[in-house]
Amino acid sequence: SEMCKETGGAGTAVAFGSLGGKLIEGSARQPELAPKLQTQFFLVAAFVDVISIIGVGIAFLFIFANPFLG
């Protein structure tokens, strides 16, 4: 279960790095679109965070209230 939490965190870090780099690239190419790109960045960043938080929640479910142990 500890491995699940670490993998979720690493995936989130890679996703945020990629998102941030693409935001900077897009803003540098077309500065007039920067506000729209920033809005989309924060929306996608929220989804990336939610995915990792759900993964941690499922890991805690299996740690503390495992439904398969009966």
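I began with Thr12, which counts as buried because its relative accessibility is 12%, and the cut-off for buried is under 20%. I note at the outset that the model is predicted.

**Entry 1**

I looked up where Thr12 sits and found it in helix 1, which covers residues 2-29. Ser52 is itself among the buried residues of helix 2, and so is Val48.

**Entry 2: the chain as a whole**

I next recorded the secondary structure, which comes to two helices and zero strands. Of the 70 residues in the chain, 13% are buried. I noted an accessible surface of about 5,300 Å² for the chain, with 72% of that area belonging to carbon and sulfur atoms.

**Entry 3: helix 2**

I checked the length of helix 2, which runs over residues 34-64 and has 31 residues. At 1.5 Å a residue it should span 45 Å, and its end C-alpha atoms are 45 Å apart, so the two values agree. Which residues of helix 2 are buried? I found Phe41, Ala45, Val48, Ser52 and Ala59.

**Entry 4: Gly20 and Ala45**

I turned to Gly20, another residue found in helix 1. Gly20 counts as buried because its relative accessibility is 18%. Ala45 is listed with the buried residues of helix 2.

**Entry 5: a nonpolar patch**

I searched the surface and recorded a nonpolar patch of about 580 Å². The residues that make the patch are Val50, Ile54, Ile58, Leu61, Phe62 and Phe68. I looked up Val50 in particular, which lies in helix 2. Val50 is partly exposed because its relative accessible area is 42%, a value between the limits of 20% and 50%.

**Entry 6: the salt bridge**

How many salt bridges does the count come to? I recorded one salt bridge, in which the side chains of Glu25 and Lys22 meet at 3.9 Å, N to O. Both partners belong to helix 1 and are three residues apart, which means that about one helical turn separates them. In general, an α-helix has 3.6 residues a turn, so residues three or four places apart point the same way. I also looked up the accessibility of each partner. Glu25 counts as partly exposed because its value is 43%, whereas Lys22 is exposed, with a relative accessible area of 54%.

Conventions
Residues numbered from 1 in each chain as written. Predicted model: local features only at pLDDT ≥ 70, side-chain atom pairs only at ≥ 80, totals over all residues. Heavy atoms only, no water. Helix = DSSP H or I, 4+ residues; strand = E, 2+ residues; numbered from the N terminus. Buried < 20%, exposed > 50% of the residue type's maximum accessible area, 1.4 Å probe, protein only. Expected span 1.5 Å × (residues − 1). Patch = residues over 30% accessible without salt bridge, like charges linked within 9 Å, V, L, I, M, F, W, Y side chains within 5 Å. Areas by Shrake-Rupley, 256 points an atom, 1.4 Å probe, with all protein chains shown as cover. Salt bridge = Lys/Arg side-chain N within 4 Å of Asp/Glu carboxyl O.
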